[in-house]
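The sequence and structure are shown first.

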Amino acid sequence: MKTILVIDDDETIVRVSELILSTTYTVLSALSAEEGVELYETNSIDLVVLDIKMGTGMSGFEFFAHMKTRFNDLRCLVYTGLTDKGKLQVMINGGVVGVMYKPASLIDYQDQVKRAMEAHLPPSLYESPCSSY
């Protein structure tokens, strides 16, 4: 079974992610980017679902930049409320497999994760049809 690491400082998002993804994937979760680094380094992770704005400590941008220099095969799907597409494009240029905007419906969330897991196409800014952005 493939493994997904969900990194978000919102515990509700982390728990809901675990519930909806655990029927298909092994799901590990972290409430901070620092905890995510530790989990990524000690487990075989196929995809990271990553929030950008964290309450304290390392941001999602910093996590991605730090980890990408150490793990060239890092695969991240950004899940964020951040709407600055310029900043997000920098991450896409750096190799994220896609960007999904909060809030997303449960079905859309599952579909985007599945799409990111299977993606062999160039990354894009995924627009959540349920998003108000």
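## Secondary structure

The model is predicted. Its protein chain contains five helices and six strands. Read from the N terminus, the elements follow the order β-α-β-α-β-α-β-α-β-α-β.

## Burial, contacts and surface

The protein chain has 133 residues, of which 47% count as buried. Among contacts in the chain with a separation of 6 or more, 61% are between residues 24 or more positions apart.

## Packing of helix 1 and helix 5

Two packed helices are described by the angle between their axes and the distance between the axes. Helix 1 covers residues 11-21 and helix 5 covers residues 106-118. These helices pack at an angle of about 70°, and their axes lie 11 Å apart. Because an angle of 65 to 115 degrees counts as roughly perpendicular, helix 1 and helix 5 are roughly perpendicular to each other. Their crossing is right-handed.

On the side of helix 1, the contact is formed by Val 16, Ser 17, Ile 20 and Leu 21. Helix 5 contributes Leu 106, Tyr 109, Gln 110 and Val 113. By residue class, the contact of helix 1 with helix 5 comprises six nonpolar and two polar residues, with no charged residue.

Conventions. Residues numbered from 1 in each chain as written. Predicted model: local features only at pLDDT ≥ 70, side-chain atom pairs only at ≥ 80, totals over all residues. Heavy atoms only, no water. Helix = DSSP H or I, 4+ residues; strand = E, 2+ residues; numbered from the N terminus. Buried < 20%, exposed > 50% of the residue type's maximum accessible area, 1.4 Å probe, protein only. Contact = heavy atoms within 4.5 Å. Axes fitted to C-alpha atoms, helices over the stretch in contact; angles between N-to-C directions. Parallel < 35°, antiparallel > 145°, perpendicular 65-115°, else oblique. Left-handed = near helix turned anticlockwise from the far one by under 90°. Nonpolar A, V, L, I, M, F, W, Y, C, P; charged D, E, K, R; others polar.
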